[in-house]
Amino acid sequence: MDKAQTKLRRRQKAHLRVRGRVVGSSSRPRLAVFKSARYIYVQLIDDQKGETLTQANSREGEAKGKFEGGGKTKSAARLIGELIAERAKEKGIESVVFDRGGYQYHGRVKEVAEGARSAGLKF
């Protein structure tokens, strides 16, 4: 197995461990983070109903022109965190559970969480 596959498998196993403890509901949905090499994606998920309530990502037009360096920077991640918090507030959601997706709570993942907290979401 090459290095990329090993890294992916490690993240997937870590994500399964996190998902064993973190479950979203309609009153307190799961804030799930996925990051690729170029973009960052965030969703609010109600696991009991099995549906995505809202989402935000660094590819969409509303966020695309607001940061420099593309969607892979920490500033982009913070902006996406603030954007998902605004959309959650519009739907009447005040608190969430954070699903880091198997990634370390560091860098862009941490910035998403801090951006969402700064915009008023409670973890």
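Colleague: Does Glu111 count as buried or exposed?

Modeller: Glu111 counts as buried, because its relative accessibility is 15%. Buried here means under 20% relative accessible area, exposed over 50%, and partly exposed in between, with a 1.4 Å probe and protein chains only. Keep in mind that this is a predicted model: local features need pLDDT of at least 70, side-chain atom pairs count only at pLDDT 80 or more, and totals for chains, interfaces and linings use all residues. Residues are numbered from 1 along each chain as its sequence is written, and side-chain values use heavy atoms, with hydrogens and water left out.

Colleague: Which residues is Glu111 in contact with, leaving aside neighbours within four places in sequence?

Modeller: Lys74, Ala77 and Arg78, where contact means heavy atoms within 4.5 Å.

Colleague: And which helix does Glu111 lie in?

Modeller: H4, residues 108-118. Helices (H or I, at least four residues) and strands (E, at least two) are DSSP runs, numbered from the N terminus.

Colleague: OK, zooming out. What order do the elements run in?

Modeller: From the N terminus on, α-β-β-β-α-α-β-α, with four helices and four strands in the chain.

Colleague: Now the strands. What does S2 pair with?

Modeller: S2 (residues 40-46) pairs with S1 (residues 30-35) in the antiparallel sense over six bridges. With S3 (residues 51-57), S2 also pairs in the antiparallel sense over six bridges. Two strands pair if DSSP finds at least two bridges between them.

Colleague: What stands opposite Ile45 in S3?

Modeller: Thr52 does, and Ile45 is also the bridge partner of Arg30.

Colleague: How many residues sit between the strands of each hairpin?

Modeller: There are four between S1 and S2, and four between S2 and S3, where Gly50 in the turn has a positive phi of about 75°.

Colleague: Why is S2 largely enclosed by the rest of the structure?

Modeller: Five of its seven residues are buried, so S2 is largely enclosed. For the chain, buried residues make up 41% of the 123 residues.

Colleague: What about the radius of gyration?

Modeller: The chain has 14 Å, which agrees with the value near 14 Å for a compact globule of 123 residues. That radius is taken over C-alpha atoms, and the globule rule is 2.2 Å times the number of residues to the power 0.38. The C-alpha trace spans about 45 × 35 × 20 Å along its principal axes.
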